[in-house]
Every structure is written in structure tokens, then in C-alpha cells.
Amino acid sequence: MEAIAFYLFSALTIGMFLIVVFSKNALYSMSALAAGMILISGFFFLLDADFLGVVQIIVYTGAVMALYAFGMMFFDTTKDVKEKIDAPLITNILWVASAILLICIISAPFVPSLLNLDAPLNQTALFGANNPQAVGIVLFTKYLAQFELAAVMLLVAMIAGIILVGKKMDESLTLDMNAEKKIEAEEFDIKDNK
Amino acid sequence: MITLTHYLVLATILFVIGLIGVIRRKNLLLLFFSTEILLNAVNIAFAAISKYYHDLTGQMFSFFIIAVAASEVAVGLGLLVLWYKRNGTIDLESLQEMKG
């Protein structure tokens with residue numbers, strides 16, 4: 001049963017992510033990514049990480065993908081994405097090869113026997129079989145500082161997002177717009193004089 | 001019987017797909033999507049290791065990765081919208097301002 005679910009979810013997730021990477025239309029990419037996120041939460045449920053699965057659905061498909069969907073309203077998504085790529089066959093092979101090579105380079109130095117997994121947080125031994133409860137206890141004891149830092153970081157990100165996009169939609173806050181306007185006005189003056 | 005290796009292989013495949021996207025894509029929005037794939041692949045690996053080593057630390061890492069991903073999207077998308085307003089394009093090559 002577990003094997004069937006694993007292989008089904010694997011095939012679907014890989015297919016969805018391939019669509020994300022190779023689709024010409026940004027809208028298809030986004031829909032496929034949302035589907036892939038939901039399917040990944042299936043893996044978390046398979047792995048007895050119930051809380052993580054729920055968080056995956058709420059945060060990724062609920063918040064992140066919704067944010068992307070709203071963000072895409074700013075961009076022209078109906079037309080196909082044009083990407084200038086020279087010599088498609090050779091570059092395709094090089095992309096795949098370099099991606100696999102990078103994985104090998106990064107993961108080669110890690111020998112499992114050398115990793116010291118001291119003081120493991122054994123869920124069943126410490127807290128019984130209830131995953132969300134165990135996660136809560138660990139999160140608010142051992143990882144409390146990191147948890148609070150993450151909360152502050154999310155707050156900063158939220159404010160940054162609002163400031164960057166929300167306020168004064170018609171002008172840039174990162175540049176001195178008056179300077180640009182002055183330059184434009186001067187150019188008009190020059191044209192008028194001519 | 002599904003073992004840890006199965007999950008790690010799956011995570012690697014997904015990570016490779018994401019990496020191909022990062023290398024291949026020229027559109028900044030689709031580059032963001034590829035980054036999400038990378039993060040999710042790592043999350044699967046962490047959750048799998050967490051289960052097979054009976055250690056909750058992996059799941060904790062996954063939570064913080066999700067938190068980081070969420071804030072990354074908020075800030076990144078904001079910057080992307082700003083860039084689109086100024087330049088009318090979100091092509092990666094429009095970031096290249098110094099023409100040598």
C-alpha cells in the first residue's frame with residue numbers, strides 16, 4: 001500500500017515539476033507548481049509528519065501560490081514566455097549534465113557514518129505517537145529561539161512586501177523619482193527649444 | 001517496502017529538475033518557481049530522514065525552510081513587481097545593465 005502511494009506520488013510530482021520547468025506558458029507553470037506542492041504534502045503524510053503536511057498545504061498552496069497568482073496579475077502572462085536560447089540541443093544536454101554534476105559535487109563529501117547524530121529527538125520514545133503534539137513541544141522548547149527569529153523574519157518580509165508593492169503603486173520608492181522627472185522635463189525643454 | 005533510499009533518490013530527482021530550471025529559465029518568475037522546487041525537494045529529504053532516524057530535527061528544519069521560503073517569496077515578488085514597473089520586462093537579461 002505504502003509502495004503504491006509512494007510511486008504514484010513520485011510519478012505525479014516529477015511530472016508536474018517537469019511541466020513547471022519546461023512549460024512555455026507561465027500560467028501552466030504556476031498551476032503545475034501548485035499541484036506539485038499538494039502532491040508533496042502527500043509524502044509528508046506518508047512519512048508520519050502530519051503537521052508538516054498540513055503546513056505544506058496551508059503555507060505553500062494557500063499562501064505562496066496565492067501570492068504568486070496575485071503577483072502574476074502584474075505581469076503579462078497570457079503570451080508565451082520568450083527566452084532567447086542559442087543551440088538548443090547542446091545547451092539542453094549541458095543543463096541536465098551540469099545539474100546532475102552539481103548534485104554529485106555537493107553531496108559527495110557527506111558520508112553517513114561520519115555524521116554525528118547525537119541526542120536524537122525520538123518522537124515515539126519522548127512524546128508518544130502524536131506528531132503535532134511532539135512537534136509543538138520540540139518547537140517551543142529546543143527550537144524556541146529559532147522559532148522567534150523566524151517569526152520576526154516573516155514580519156520583516158511582510159512589511160517589505162507591502163512597502164515594495166502596495167504603497168504608491170505608480171512610483172518607485174527605491175529611486176528618487178523627482179530626479180527622473182527633472183531629467184524628463186529638461187529633455188522636453190530641449191525638444192521645445194528645437 | 002519503501003526505504004530511506006527511495007525517498008532520497010526521489011528528492012535528488014526533484015532537486016535536479018529544479019536545478020535544470022534554475023539554469024535553463026530566463027524568465028525571473030519561472031526562476032522563482034524553480035527555487036520553490038529546490039526547497040521542496042530538500043523538505044522531502046529532511047522529512048524522510050526524520051522518519052527513518054526517528055528524529056524530529058529533520059521536520060524542524062523543514063518548518064524553518066518553509067518559513068524562509070515564504071518570506072523569500074514575499075520580498076522577491078515585491079522586488080519583481082517593482083522591476084517590471086520600471087523596465088516592462090522580467091527577463092533575466094534585463095538585469096544586465098553594464099553592456100561590455
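This note sets out several points on the structure shown above.

1. The structure is a predicted model. Chain A has an average pLDDT of 78, and 68% of the residues reach a score of at least 70.

2. **Secondary structure of chain A.** Chain A contains 8 helices and 0 strands. Along the sequence the pattern is therefore written α-α-α-α-α-α-α-α.

3. **Burial and contacts within chain A.** Of the 194 residues in chain A, 21% are buried. Among the contacts in chain A with a separation of 6 or more, 46% are between residues 24 or more positions apart.

4. **Helix 1 and helix 2 of chain A.** The axes of helix 1 of chain A and helix 2 of chain A are 8 Å apart, and the two helices pack at an angle of about 155°. Because this angle is over 145 degrees, helix 1 of chain A is roughly antiparallel to helix 2 of chain A. The crossing of helix 1 of chain A with helix 2 of chain A is left-handed.

5. **Residues at that contact.** Helix 1 of chain A contributes residues including A:F6, A:F9, A:L12 and A:F17, and these belong to a group that meets residues of helix 2 of chain A, among them A:L33, A:L39, A:I40 and A:F43. By class, the residues of this contact between helix 1 and helix 2 of chain A comprise 16 nonpolar, 4 polar and 1 charged.

6. A:I38 is located in helix 2 of chain A. A:I38 counts as partly exposed because it has 17 C-beta neighbours inside 10 Å, whereas a buried residue would need 20 or more. When neighbours within four places in sequence are left aside, A:I38 is in contact with A:I57 and A:T61. From A:I38 to A:A160 the separation is 122 residues in sequence and 27 Å in space, C-alpha to C-alpha.

7. **The interface with chain B.** In chain A, 64 residues are in contact with 56 residues of chain B. At least two residues of the side of chain A that touches chain B come from each of helix 1 (2-22), helix 2 (26-46), helix 3 (50-72), helix 4 (88-107), helix 5 (123-127), helix 6 (131-139) and helix 7 (144-166) of chain A. This side of chain A has 48 nonpolar, 12 polar and 4 charged residues.

How values were computed. Residues are numbered from 1 along each chain as its sequence is written. Chains are lettered from A and ligands numbered from 1 in the order in which they are written. This is a predicted model: local features need pLDDT of at least 70, side-chain atom pairs count only at pLDDT 80 or more; totals for chains, interfaces and linings use all residues. Two residues are in contact if their C-beta atoms, placed from the backbone, lie within 7 Å. Helices (H or I, at least four residues) and strands (E, at least two) are DSSP runs, numbered from the N terminus. Ala, Val, Leu, Ile, Met, Phe, Trp, Tyr, Cys and Pro count as nonpolar, Asp, Glu, Lys and Arg as charged, and the others, Gly among them, as polar. A residue is buried if 20 or more other C-beta atoms lie within 10 Å of its own, exposed if 12 or fewer, and partly exposed in between; C-beta atoms are placed from the backbone. pLDDT is the predictor's confidence in each residue, from 0 to 100. Axes are lines fitted to C-alpha atoms, for helices over the stretch in contact, and angles run from 0 to 180 degrees between N-to-C directions. Angles under 35 degrees count as roughly parallel, over 145 as roughly antiparallel, 65 to 115 as roughly perpendicular and the rest as oblique. A crossing is left-handed if the near helix is turned anticlockwise from the far one by less than a right angle, and right-handed if clockwise.
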